[in-house]
Structures are given as structure tokens and as C-alpha cells.
Amino acid sequence: LPYDIPNAAGDGPFEMRFWTCAQTPIMNGDGKVAFILQNTVDVTDMARLRRASLLPFHAFGGETQLLERTREVEEAHQALLTESEEFRRLFQQAPGFIAVLSGREHVFTFANDAYAQLVGDREVLGKTIREALPELEGQGFFEILDAVFLTGEPEGGQGVRVVLKGAPGKDMREIFLDFTYSAILGKEGQVTGVFVQGMDRTESVRTLRRQRLL
């Protein structure tokens with residue numbers, strides 16, 4: 001495929017180059033397409049030789065090299081996907097609630113069943129925490145998440161009071177949580193998200209209140 005790109009110096013006309021691309025679907029555990037792996041190789045030199053000699057492209061091994069490279073990268077991605085699915089299964093079985101928030105806006109990329117039950121089985125994936133749980137505004141949690149993302153330092157609390165909506169059509173409810181927000185670091189040490197984990201302590205807090213009243 002021909003592409004016009006600026007020359008390396010950036011001070012002259014565009015340069016005609018040639019790339020060969022391959023797109024490979026990456027499936028998740030349910031057999032649905034979860035990602036598309038795009039592998040691109042610059043084949044300008046081979047394309048120029050082909051034009052000069054009128055030889056077919058495959059005579060220079062371009063297609064074979066691309067397919068071999070695509071296969072290697074695909075196998076690596078499949079291994080990572082398998083590992084990721086294993087972590088998801090472990091997180092789903094965790095006794096406490098777990099969620100992964102990505103980026104500065106804290107977008108939900110994962111939430112286990114315990115977290116879904118905590119927020120009334122509302123759909124949160126793909127939404128920012130401010131979109132998914134607007135009732136948390138003014139309760140301090142957004143500010144704590146922002147601080148963890150900016151500083152990389154963990155934050156948390158024990159028996160913290162939270163007011164959340166229940167399932168659709170349900171009233172607001174008061175609950176008490178132990179929670180920890182931990183920074184997720186990228187390869188170069190930069191903060192890329194926040195890992196949320198905790199336990200619902202509502203019943204134990206209410207039991208303690210009743211004992212104190214008695």
C-alpha cells in the first residue's frame with residue numbers, strides 16, 4: 001500500500017513509501033473478537049526493487065516474513081490474553097469488591113461481581129466513575145482517586161460511610177466500607193490507572209452500633 005509521508009528532514013516534499021499491513025482478530029474467552037492486532041511492515045525497498053525488475057513481490061520473501069512476524073506477535077498476544085483471563089477469574093472469586101479504573105478520568109475497565117452487587121448491578125464498564133456513580137459527588141471519593149492518580153501514593157479507609165444508589169428504582173442506601181486505592185503503573189513507572197479493592201463492612205458496623213446502644 002502506498003503512503004505519502006513527510007521526508008525525514010521535514011523540510012522538503014512528501015516521500016512515497018510502501019507498507020504491508022495485516023489485521024488479525026484476537027478472541028476472548030467467549031469466542032468474541034476482543035481486540036484487533038495490526039501488524040505493519042515498511043516494504044519500500046522491496047516495492048522499489050519490484051517496480052524496477054517487475055518481479056513478483058513474493059520473490060523477495062516479503063509476504064512470508066510478514067506472516068511469520070504476524071504469527072509470532074499473535075501468539076504473544078494470545079498468551080497475554082490467557083494470562084489476563086486467568087487474573088479475571090481470580091478477581092471474580094475474590095471475597096471483596098475489586099475494580100480497575102483507567103486514565104485520569106477513572107474509566108471502569110474491570111469490576112468483579114462483588115463490586116457490581118455493591119453498586120446495585122448497574123452497568124459501569126466503559127464509563128468514568130463520575131458518570132457511573134454520580135451520587136459519590138461531594139463524598140470525597142473522587143478527590144481521593146484524583147490524588148492517587150496524581151501522586152501514585154495509595155489511599156484508603158476503614159468503616160467509611162458511603163451513600164449509594166441501589167438497583168434501578170431503589171432508594172439511596174447507607175453502607176460502610178473498608179477500601180484501598182492503589183496506583184497502577186505503566187512500563188516506565190507512570191501512573192496509568194487506579195486499582196480499587198475493599199470489603200463491605202455494613203453489617204459489622206451496624207451490629208457494633210446496636211451493641212453500643214444496648
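**Chatting through the fold**

Tutor: Reading along the sequence of this predicted model, you get the pattern β-β-β-α-α-β-β-α-α-α-β-β-β-α.

Student: Let's pick two. How do E4 and E5 pair?

Tutor: They run antiparallel, with four bridges between them. E4 covers residues 97-102 and E5 covers residues 107-111.

Student: Which residue in E5 does Leu 101 stand opposite?

Tutor: That's Phe 108.

Student: Switching topic: where is Met 199?

Tutor: In strand E8, which spans residues 191-200.

Student: Is Met 199 buried, exposed or partly exposed?

Tutor: Partly exposed, because its relative accessible area is 29%, and that label sits between under 20% for buried and over 50% for exposed.

Student: What does Met 199 touch, leaving out residues up to four places away in sequence?

Tutor: Pro 95, Gly 96 and Phe 97, plus Phe 176, Leu 177 and Asp 178.

Student: How far apart are the C-alpha atoms of Met 199 and Tyr 115?

Tutor: 9.5 Å, although the two residues are 84 apart along the chain.

Student: Last one: what share of the whole chain is buried?

Tutor: 29% of its 214 residues. The accessible surface is about 13900 Å², with 54% of that belonging to carbon and sulfur atoms.

Methods: Residues numbered from 1 in each chain as written. Predicted model: local features only at pLDDT ≥ 70, side-chain atom pairs only at ≥ 80, totals over all residues. Heavy atoms only, no water. Pairing = 2+ DSSP bridges. Helix = DSSP H or I, 4+ residues; strand = E, 2+ residues; numbered from the N terminus. Buried < 20%, exposed > 50% of the residue type's maximum accessible area, 1.4 Å probe, protein only. Areas by Shrake-Rupley, 256 points an atom, 1.4 Å probe, with all protein chains shown as cover. Contact = heavy atoms within 4.5 Å.
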